Amino acid sequence: MKVMARVSKHWGMLLLLAVVMMGGLFSGCGCEPEPLPPPPPPEMSVSPKNWVISKKDLVIIPGVDFRVYEKFSIKNSSDKKDADALEVKEIKITKKSTDSQAEFNLITQKCPDKFDAATDQEKQAKGCKASDCMILSGTNTFCAALPLSLPQSLKVGDKPLEFVVEFKPSSDGIVPIADIEIKTNAPDPDAPDVTETTTRVRVSAQAGEAEIVVSIGGGKLKDEATRTRWGYSFAPTEEGKKVEQPFSLSNNGDGTLNYSFTWADGTEDPKKSFDVIDENGKSVLGEKLELAPKQLANYKLTFVPQDCDEHTTSLQISSNGIPKDYGEGTLKSARLLYVDMRGSSPASAAVDPNTLVFDNVKPNTEAKKTFKISVGDTSLCSLKIYSLNFGRENPNDKEPQDYRFGDMTKGGSTVSAPSAGAPISLNKGDELVVEVIYAPKVAGGENAVVLLDSNDKTIGDRVVTITGGTTSQIKPLAKVKFLCGQDNLKTGNNTRCNTDEAVIAREIDLEANKSAKVFLDGSESTSIPVGSKKITKYKWELVSAPRGSAAQISDADKAKATIVVDKGDRTGTAVYKIKLTVTDEDGLEGTITEDLIVYSF
């Protein structure tokens, strides 16, 4: 037994010595244990992935503060239990369009599950009270008064981080596109070395984006730089008659197009002559409309002139169409597009004769002659005469003193002289007979013109030329016509200066940066009495022209001359003053100065 005890003790000591020696061996070798592998990266998931706000969600009531809410949740969705924590560093909302006053807000802290008096007092100390808590679904409530506390760390298995987005619609009914931007440490599969990424959740009125395409037959693009404004002119239209111009609106995008038609600020026609109607003839002005992706809707621009004036307006098309360029000469897709419209129901006056000659009238006696005013063949509405007056034949003449109007009759009945407040109205078939009385006080003679103010914008105001004399030595009568020829530009629906035939015109429409040839005809100038003597000399003069104009008169010493007119530096109406002096075989001279008016087209 003693021997076995000694052996056991001996072996124990040997074993202890071996352990000590091995420990010294390992500690002196300089070896380190292998490091543990890093934990897997976190993964982020957000729900829902987008928020579609439909029209049925919106209840816009004037004076009522209406809002729409959506709850979102973020969690660490890694399937590795030992994955790194998901660090949620920042959450913000960025509007992608600025054409609406609608608002997005974050509501980010939850209220207690039970909001009793004690808790209420506790939350009030932190800036939230019971009235600030909103029930979104079931018992989930969120405090509208408290911001979200960030950053927050989410481990695998933790409850999701929840927050709410509040949408406050505006009265325009437009739902702007926005992104909820969530900044975390979740890696980007396409950039594994990036330690911070941003995930975006789209908030909009639809899942995709809309593109608006407007197509109008006729008219022209008015602003090539922005390509958001179209111009359309209706043909001259009979008063009270409706004319229509079809146009289409299509959605080339992959989201619902929301749009409306209104008049641009300050452009609505006070006479309500314009409208936009659908295929059923119903007005759609001011309505909130929508169009599915890849669909087309047909509409009509309408014009019903309520009087003889010229009418203009600007149609504004508001939509959620994203900006997109379709090429030169076309309207872009844009939030705001415009169609400038113009229409008229022109009146036309006819005056016969347009020359009155009083010869050999003794001083202190009277002579009477008449002329007639009627509705012209091309008139599309009733003619309104606002005033009749006498004026100087030439700018350097004295105001006429020897003329006055006598009786004025319509349909055989005497009528009062017209005024702006009480115009004389003529329909087709009516005639206004106007008596002119010449009563010279001294020998020598006097010339004048009858000035007509009416709703005929083309005839000019100098409608009758009057020559009065007390002897047979009366100055010749100079007469000017402006003729449009085949070299003139055609101007769409406008009938002035756009035919190959010679047409009398005092006004022309001219496209910007263009010029046009106008024929000056003085061949109807005559001696007084008519044909008693020959006209032997003609002299054309350009009295004044728009600044920057290069216009000159050719063949200025002939009965018929020409002038090439342009707009010069003018952007609006340009006026050329042209003077003709004629001389008869006795050396007597007669002159006349006329205005040639050039409008923009």
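**Figure 1. Pro353 sits in a loop between two strands of this predicted model.** The loop runs between strand 23 (349–352) and strand 24. Strands here are DSSP runs of E with at least two residues, helices are runs of H or I with at least four, and both are numbered from the N terminus. The peptide bond from Asp352 to Pro353 is cis. Its omega is near -10°. Most residues other than glycine have a negative phi, and most peptide bonds are trans. Residues are numbered from 1 along each chain as its sequence is written. In this predicted model, local features need pLDDT of at least 70, side-chain atom pairs count only at pLDDT 80 or more, totals for chains, interfaces and linings use all residues, and side-chain values use heavy atoms, with hydrogens and water left out.

**Figure 2. Ser47 and Pro48 are joined by a cis peptide bond.** Omega is about -5°. Pro48 belongs to the loop between strand 1 (44–47) and strand 2 (50–52).

Figure 3. Two strands pair if DSSP finds at least two bridges between them.

**Figure 4. Strand 31 and strand 32 pair in the antiparallel sense.** Strand 31 covers residues 446–454, and strand 32 covers residues 462–468. Six bridges hold the pairing on record between them. Leu451 has Arg462, in strand 32, as its bridge partner. Strands of a sheet pair through backbone hydrogen bonds, either parallel or antiparallel.

**Figure 5. Lys294 has a positive phi although it is not a glycine.** The value is near 65°. Lys294 is placed in the loop between strand 19 (289–291) and strand 20 (296–303). Is the residue buried or exposed? Lys294 is exposed, at a relative accessible area of 58%. Buried means under 20% relative accessible area, exposed means over 50%, and partly exposed lies in between (1.4 Å probe, protein chains only).

**Figure 6. Asn360 also shows a positive phi without being a glycine.** Its phi is about 55°. The residue falls in the loop between strand 24 and strand 25 (367–375). Asn360 counts as partly exposed, with 47% relative accessibility.

**Figure 7. Arg227 and Glu224 form a salt bridge.** The term means a side-chain nitrogen of Lys or Arg within 4 Å of a carboxyl oxygen of Asp or Glu. Here the closest N and O atoms are 3.8 Å apart. Arg227 is buried, at 7% relative accessible area. Glu224 is partly exposed, at 42%. Side chains of opposite charge can pair when their charged atoms come close.

**Figure 8. Asp340 and Arg229 form a salt bridge between two strands.** The closest N and O atoms lie 2.9 Å apart. Asp340 is in strand 22 (residues 336–344) and Arg229 is in strand 15 (residues 229–233), so the pair ties together parts 111 residues apart in sequence. Asp340 is buried, with 14% relative accessibility. Arg229 is partly exposed, with a relative accessible area of 28%.

**Figure 9. Asp584 and Lys533 meet through their side chains in a salt bridge.** The distance from N to O is 3.5 Å. The pair links distant parts of the chain, 51 residues apart. Asp584 is in strand 42 (residues 574–584). Lys533 is in the loop between strand 38 (526–528) and strand 39 (535–544).

**Figure 10. Lys92, Glu181 and Arg200 belong to one network.** Salt bridges that share partners join these residues. A search of the whole structure finds 24 salt bridges. The protein chain has two helices and 43 strands. Of its 601 residues, 41% are buried.
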